[in-house]
Amino acid sequence: MEPIKDRDLLESYNEDALGYRGNPEGLFRPSLAKEVVEIVSWAFKEGKCLTPTALRSSTTGSCVAERGFLISSERMDKIVDIDEKNKIAIVEPGVNLGELKNILKEEGIFFPPDPTSEQECTVGGCVATNASGARTLKYGPFRNWVLGIEVVLPNGKKIFLDRKVSEKNCAGFFGFQNPIDFFIGSEGTLGFISLIELKGINFPHQFNAMFIPFKDEKDALNFCVKIREEKIDVRCLEYFDKECISLLKKGRDDFNMGEYCVVFLEYEFTEEDDKLEFWLDFLEKNGALVDDIMFADSDKKKNELKDFRHFIPSTLNEISGKYVKFGGGKISTDWAVFYEKLPESIDFFRKLCRDNGLNEVYCFGHVGNGHPHFNIITKDENEKKVALNVVDLICDYVCELGGTITAEHGIGKVKKRYLKFYYDPISFSWMANFKKFLDPRLIFSPGNIFDFD
Ligand SMILES: Cc1cc2nc3c(=O)[nH]c(=O)nc-3n(C[C@H](O)[C@H](O)[C@H](O)COP(=O)(O)OP(=O)(O)OC[C@H]3O[C@@H](n4cnc5c(N)ncnc54)[C@H](O)[C@@H]3O)c2cc1C
């Protein structure tokens, strides 16, 4: 298969949602796994680099190629099989996640992973980034829902990796007992995922959703910590600070709420117990401004709240995009800590921003998992440098607390500088050597996670 080299066409594949740009030499768009094998075998023989790309909704530069060729999954978009009885779906990597979830819903299958970008991303992209979302709090990340994958390895050999299901296992090293887990979240560095087997579950009980206002951040975060401490069954526990709410008020006429700090929560319930009494009591006792709650008990209202939630990151991407040409743009953090350390970590980060003169800062995200997204809008190169240094400091701080530098979006090309806070040099070299073992010519996704040059 010949690569496409048309510059205009390549240009349309040359940017991710962050605005990160590459410089691809060409593009392959295979429709079949055997074409992928052919392309990868050629690249291996010739020493050409390949970067898998899907819908480029990633925000780390991982799906763009700084050199070599892109290999797109867009034509591998078939749903191969749906087994209603066992709630298993076999799909090609280019299937759109939102569309797949709708189709599975019609078959009575609930597929829990819910990245905010689900309408704009593929199943393959989600497997390669181990995507997560609001409902990860209850159902875990994408990894938990992948039974098997077919991968075309960097040497052109195709393998199928499934997941062992025994509850106890002492066969060899833990990480190697399920090698599939090396590939989930490997950001295109270990090969091309050409087929995916997913499992779903029965639709859970019904659920309601709420936007719950609080007078300040401290009250909102303490409320979230209390929910976790008391092990109250919620399926998502998200947060938007006052700046995000003010963005929503400016951008959406249909959003009617005061300038509060807001917790977004979903809880499941049954016919026997609608849990309304419990929630009213709990909210009143724990600082919520109950008169202003936005309550969603119909599909229409639930979708409206979800839509408001999605408006925030997508608008921030738009706002920051206009500063890219001045050397600025959005610096987004993806760090996470154990939930009870979150209030102090957020205070620490806000102080760092204030002390360094960073004023346009938005905080939203998955606080139930101790995982906020801070978005710093930087207007030029100097401000961007300051913001990157501030993010260095918070990454060092959260790693000292046993947290992580990225809980969702991965490392890609833009977060490599933070790896030193998470890994000690020896364990990082084990990971790099594993990459070299599988990809000795270093052809897959150069610049993602590792810098070998
Ligand atoms: C508004 C917005 C909201 C977002 N919300 C979330 C969120 O809630 N949760 C979350 O986790 N992410 C979120 N993201 C990030 C992004 O949507 C996810 O990372 C998503 O999984 C990327 O899917 P994609 O199909 O666009 O893949 P791409 O962005 O094209 O690629 C992502 C990575 O996957 C690799 N890849 C893609 N296909 C394959 C394949 N077949 N084989 C091997 N590697 C492959 C690429 O090389 C790259 O490293 C958000 C992004 C935006 C813009």
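The notes below go from domains to sheet to a single strand pair.

**Domains.** I kept in mind that this is a predicted model. I looked up the division of the protein and found domain 1 (1-204), domain 2 (206-315) and domain 3 (324-434). I then turned to domain 1 and domain 3. Their C-alpha centres lie 25 Å apart. How many residues of domain 1 are in contact with domain 3? I found 15, and they meet 15 residues of domain 3. On the side of domain 1 that touches domain 3, I noted 10 polar residues, four nonpolar and one charged.

**Sheet.** Next I traced an open sheet of seven strands. Its order reads E14-E11-E13-E12-E16-E17-E15, and the pairing is antiparallel. Which strands are at the edges? I noted strand E14 (294-296) and strand E15 (329-332), each of which pairs on one side only. From one strand to the next, the twist averages 15°.

**Strand pair E12 and E16.** Strand E12 covers residues 236-240 and strand E16 covers residues 361-366. The two pair in the antiparallel sense, over two bridges. What is the bridge partner of Phe240 in E16? I looked it up: Phe364.

**Helix over the sheet.** Last, I checked helix H9, residues 242-251. Helix H9 lies across E12, E16 and strand E13 (261-269). I noted its direction against E16 as about 95°.

Definitions and conventions:
Residues numbered from 1 in each chain as written. Predicted model: local features only at pLDDT ≥ 70, side-chain atom pairs only at ≥ 80, totals over all residues. Pairing = 2+ DSSP bridges. Helix = DSSP H or I, 4+ residues; strand = E, 2+ residues; numbered from the N terminus. Axes fitted to C-alpha atoms, helices over the stretch in contact; angles between N-to-C directions. Contact = placed C-beta atoms within 7 Å. Domains from an automatic or database assignment. Nonpolar A, V, L, I, M, F, W, Y, C, P; charged D, E, K, R; others polar.
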